[in-house]
Amino acid sequence: ENPQQGDRSCMKQHESDKESQSLRETFDEETRKLLNSCTIPRIEWRGIGSSQPWNLPLSDEPYVVQSPHGWNREIAESLERNALLHSMGNVTCTPSQAGSKRIGHFEMTLAEYLTEWLPRPISRNAEENRYVFGEFGEQWAPLRKTYVLPPCEVCSHDAAAVTIGLGGKYSGAPWHFHNSAFVEVFDGAKYFAFLPPG
């Protein structure tokens, strides 16, 4: 091996690590700013310990509610990296690019996604950030069934479409529309951008 070539390779890796670290710091600072600037109203989860039935409102306006400690612990633990690798590593997933449309699907095992895609250096390029979202196949059914639906008038496993999303920083779902929905974040943070009706 040419020592100069090895040195260049190490320098490129070092530059890549520095760039990745810089992006992480930028992302973390952006996240702090976004958390402090959230204008979506927060409501209280009042159902724990109450003798009367209580439901989260189905509203035309978005709101934020913090679920009680331990809520959905089973699925949260099942979604941890090692648990996913052990129980679902051979399951097929179809990560896609995050953009204005869900494009660029790749079919791979969940183990490939977790071990080869997620550890890559952080990038703002959608082609380099794949997001697992909308896996409705039977292989994913046992995991979806462990999700405890929030208390609401129409929330049942027969009526609700439980969707699981997995992704790293700068990945996510493209712009989309749906009616009432509850989104629960188990690990990390998620940035939501809303457009007014019309």
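Val183, Val185, Phe192 and Phe194 make a nonpolar surface patch of about 370 Å². Patches here are built from residues with over 30% relative accessible area and no salt bridge, joining nonpolar side chains (Val, Leu, Ile, Met, Phe, Trp, Tyr) within 5 Å and like charges within 9 Å; the areas come from the Shrake-Rupley method with a 1.4 Å probe, and for residues only the protein chains shown count as cover. This is a predicted model, in which local features need pLDDT of at least 70 and side-chain atom pairs count only at pLDDT 80 or more, while totals for chains, interfaces and linings use all residues. Residues are numbered from 1 along each chain as its sequence is written, and side-chain values use heavy atoms, with hydrogens and water left out.

**Overall layout**
- The chain has five helices and seven strands, taken as DSSP runs numbered from the N terminus (helices H or I, at least four residues; strands E, at least two).
- Read from the N terminus, the elements run α-β-β-α-α-β-β-β-α-β-α-β.
- Of the chain's 198 residues, 23% count as buried, where buried means under 20% relative accessible area, exposed over 50%, and partly exposed in between (1.4 Å probe, protein chains only).

**A patch member**
- Val185 sits in the segment after β7 (166-167) and is partly exposed, at a relative accessible area of 40%.

**Cysteines**
- Searching the whole structure turns up one disulfide, meaning a pair of cysteine sulfur atoms within 2.5 Å.
- Cys152 and Cys155 are the partners, with an S to S distance of 1.8 Å.
- The torsion about their S-S bond is about 105 degrees, so the disulfide is right-handed.
- Cys152 is buried, with a relative accessible area of 8%, whereas Cys155 is partly exposed at 23%.
- Elsewhere, Cys93 is buried, with 0% relative accessibility.

**Arg144**
- Arg144 belongs to helix α5 (residues 141-145).
- Arg144 is buried yet has no salt bridge, and the nearest side chain of opposite charge, Glu138, is 4.9 Å away; a salt bridge needs a side-chain nitrogen of Lys or Arg within 4 Å of a carboxyl oxygen of Asp or Glu.
- A polar atom of the Arg144 side chain lies 3.4 Å from the backbone oxygen of Phe136.

**Ser59**
- Look for Ser59 in the loop between β1 (42-43) and β2 (64-65); Ser59 is partly exposed, with a relative accessible area of 35%.
- The Ser59 side chain reaches the backbone nitrogen of Glu61 at 2.9 Å.
- Ser59 and Ala181 are 122 residues apart in sequence and 9.6 Å apart in space, C-alpha to C-alpha.

Conventions. Lys and Arg count as positive and Asp and Glu as negative; His and the chain ends are not counted. A polar contact is a pair of N or O atoms within 3.5 Å; within protein, one must be able to donate a hydrogen and the other to accept it, and residues adjacent in sequence count only if both atoms are side-chain atoms.
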